[in-house]
Amino acid sequence: MANSITLDWSENCSATIHLYGATVTSWINNGKEQLFLSSKSKMDGSKAIRGGIPLVFPNFGPWEHGPQHGFARISWWKIIEQPTKMSNGDVTTVLQLTDDDKTRNMWNHQFLLTYKVTLGENNLTTKLEVTNTGSEQFDFTVLLHTYFRVSDINSCKVSGFLGCNYSDKVEGTDNVSEASKEIVIDRNIDRVYRLAGQPDGHLISTPETKLMLTKINLPDTVLWNPWTEKAAAMSDFDDLGYLNMVCVESGYVSQRKILHAGETLTCSQNITVL
Ligand code: TA6
């Protein structure tokens, strides 16, 4: 069984989604790869894929019930809609994950995750629907852990955080206000920005490419680069990989989202090549 599916918009515009974690592992636009995938990433289901767009659910960060970042990115998802070319030229596919013994042993709730990936000529949209299919409410956090490829981290600028409050997991501080219009990554950065009410858009720019990330119902953004020491400490991450990636992660993580029985949260991000 093929473990991944590919969306083909044209010969130099495509996206690949691995069924393990429904992880988008590649997005090629105009012949150029836009996502970072570690050359040492496991791709056999033995561990979360290190790169692309891993899905974090039902918990962002360390979790008392199971592995960090939850089970969605380490589960085999099912394709419920094969790649389909729409009338406007976009190509879409839909994958699904529902609760099973494994997930219920960690987190005893019934849920349905429906993930739609849409590839456009110059954009990639990933929409996740979280439905509580049980009879009791549950709460969770959710995040799209996007690894953007950059030619050289030293020439990368990320914007859209000015004035936002963040917690800094490296410095151990909270309620810090971002004073920079553009952030240059020059060290280990691991920040959870609370953007509620802020413009939901980030520009990730290098001399070669400018990508605009916009979000719906994902009010927070995590900014992460492991830098030298943490890169070297990850067995599935190239030691120098930090030079070619930045994680700008769309999430609902600062507060836990409560879903009552039968309720659905629909959240999405769109990345456009400008
Ligand atoms: O992206 C933020 C973060 O929570 C970092 O603290 C770092 O742990 C990263 O996720 C990767 O986590 P992982 O479990 O994939 O190694």
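The paragraphs below go through a predicted model, from its sheets and hairpins to its cores and its ligand site. Residues are numbered from 1 along each chain as its sequence is written. Because the model is predicted, local features need pLDDT of at least 70 and side-chain atom pairs count only at pLDDT 80 or more, while totals for chains, interfaces and linings use all residues; side-chain values use heavy atoms, with hydrogens and water left out.

Strands come first. Elements are DSSP runs numbered from the N terminus, where helices (H or I) have at least four residues and strands (E) at least two. Two strands are said to pair if DSSP finds at least two bridges between them. Strand E3 (residues 23–29) is joined to E4 by two bridges in the antiparallel sense, and Ile 28 has Glu 33 as its bridge partner in E4.

Two hairpins can be described in the same terms. Strand E6 (residues 78–85) and strand E7 (residues 91–98) are antiparallel and pair over five bridges. Lys 85 stands opposite Val 91 of E7. Five residues lie between E6 and E7 in this hairpin, and Gly 89 in the turn has a positive phi of about 95 degrees. Asn 165 has Ser 177 as its bridge partner in E14. Four residues separate E13 from E14, and the turn residue Gly 172 has a positive phi of about 75 degrees.

Asp 168 belongs to E13. Residues are called buried under 20% relative accessible area, exposed over 50% and partly exposed in between (1.4 Å probe, protein chains only). Asp 168 counts as buried because its relative accessibility is 7%. The Asp 168 side chain reaches the backbone nitrogen of Glu 171 at 2.8 Å. Contact means heavy atoms within 4.5 Å; leaving out residues up to four places away in sequence, Asp 168 touches Thr 173, Asp 190 and Arg 191. Asp 168 and Ser 151 are 17 residues apart in sequence, and their C-alpha atoms are 26 Å apart in space.

Thr 114 is part of strand E8 (residues 111–119) and is classed as buried because its relative accessibility is 14%. A polar contact is a pair of N or O atoms within 3.5 Å; within protein, one must be able to donate a hydrogen and the other to accept it, and residues adjacent in sequence count only if both atoms are side-chain atoms. The side chains of Thr 114 and Gln 96 make such a contact at 3.0 Å. Beyond four places in sequence, the residues that Thr 114 touches include Ile 80, Val 94, Leu 128 and Glu 129. Thr 209 is in the loop between strand E17 (201–205) and strand E18 (210–216), and its 16% relative accessibility is why Thr 209 counts as buried. Apart from neighbours within four places in sequence, Thr 209 is in contact with Lys 32, Gln 34 and Ile 204.

A nonpolar core is a set of buried Ala, Val, Leu, Ile, Met, Phe, Trp, Tyr and Cys residues joined through side-chain atoms within 4.5 Å. The largest such core has 70 residues, and those with the most contacts inside it are Phe 57, Trp 77, Tyr 115, Leu 223 and Val 246. Strand E20 (residues 245–259) supplies the largest share of this core, six residues. Apart from this core lies another of six residues, among them Val 56, Phe 60, Val 192 and Val 222. Leu 223 touches residues including Val 158, Phe 161, Asp 190, Arg 191 and Val 246, with residues up to four places away in sequence not counted.

The last stop is the ligand. The residues around the ligand (a heavy atom within 4 Å) include Phe 60, Asp 190, Val 222, Trp 224 and Glu 249. An oxygen atom of the ligand lies 3.0 Å from a side-chain N or O atom of Arg 50. For His 145, the distance from a side-chain N or O atom to a ligand oxygen is 2.9 Å. A polar side-chain atom of Lys 169 is 3.3 Å from an oxygen atom of the ligand. Taken alone, the ligand exposes 390 Å², of which the protein buries 84%. Accessible areas come from the Shrake-Rupley method with a 1.4 Å probe; for residues, only the protein chains shown count as cover.
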